[in-house]
Amino acid sequence: MFILIIIAFAFSLWAQFRVQGTFKKWSEVQSASGMTGYDAARHMLDSNGLQDIPIEPVRGALSDHYDPIHRVVRLSEPVYYENSISAISVACHEVGHAIQHKQHYPMLVLRHRIFPIVNFASGIAPFLILAGFLFNAMGLLGFGIIFFSAAVAFQLITLPVEFNASNRARDIMVSEGYITNDEERGVAKVLNSAALTYVAAALISVLELLRYILIFTNNRD
């Protein structure tokens, strides 16, 4: 199990390097449409009845996100201002989340509903698990595992949310003419590399959870 976790961490590091490398590579390729990340996001929002959602530039690399509480799309400055394949890919992906929100995509709704529970559970789980190990208290470890399971479930629920947003983005980008058929390959590489980071994080969490469960059951036996 320990070896599997090491492999998962290595996969996670590789995924991080890949998303950065892929984003940089396709940042140097301008879109044939000439649309910036802002242009693509604004057009995609407006064409899907989301004219009331603003788009804001934010500092930082790959800090792009959709804020469902304030209903705003925030794009990192390179994505907001540039007209590269990477920029419009990331921008449209975030708008995909806004469309999910409007259409009440079930997995997104579920993620929003359990977030307060997960936020509490992920904060207390490490302390319970640590206390369980330090004091050899299987009861505390058991409660820690339960709370940690909520965080793992959240990460697993995030996977279909992210993949669905990317699929929505790609379909609209092609149908609305934001990209040509030749550019679709670059879009797929950018979005798929970003998705790998979520897969890696979920994999690490699942393996960690299994490790805690094995320790718990072995000590009980």
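1. The sheet here is open and has 3 strands in the order β1-β3-β2, with mixed pairing; strands pair if DSSP finds at least two bridges between them. The edges are β1 (55–58) and β2 (65–67), each pairing on one side only. On average, neighbouring strands are turned by 30 degrees against each other, direction ignored. Please keep in mind that this is a predicted model, where local features need pLDDT of at least 70, side-chain atom pairs count only at pLDDT 80 or more, and totals for chains, interfaces and linings use all residues. Residues are numbered from 1 along each chain as its sequence is written, and side-chain values use heavy atoms, with hydrogens and water left out.

2. Strands β2 and β3 (residues 72–76) run antiparallel and are joined by 3 bridges. His65 stands opposite Arg74 in β3. Helix α4 (residues 85–103) packs on the sheet, touching β2 and β3, and its direction makes about 25 degrees with that of β2. Axes are lines fitted to C-alpha atoms, for helices over the stretch in contact, and angles run from 0 to 180 degrees between N-to-C directions.

3. Now to helix α2 (residues 37–47): Gly37, Ala40, Ala41, Arg42, Met44 and Leu45 are buried, meaning under 20% relative accessible area (1.4 Å probe, protein chains only). These buried residues pack against β1, β3, α3 (77–81), α4 and α6 (138–175). Just after α2, Gly49 takes a positive phi of about 70 degrees.

4. Ile5 sits in helix α1 (residues 2–27) and is buried, at a relative accessible area of 4%. Leaving aside neighbours within four places in sequence, Ile5 is in contact (heavy atoms within 4.5 Å) with Leu207, Glu208 and Arg211.

Conventions
Helices (H or I, at least four residues) and strands (E, at least two) are DSSP runs, numbered from the N terminus. Buried means under 20% relative accessible area, exposed over 50%, partly exposed in between (1.4 Å probe, protein chains only).
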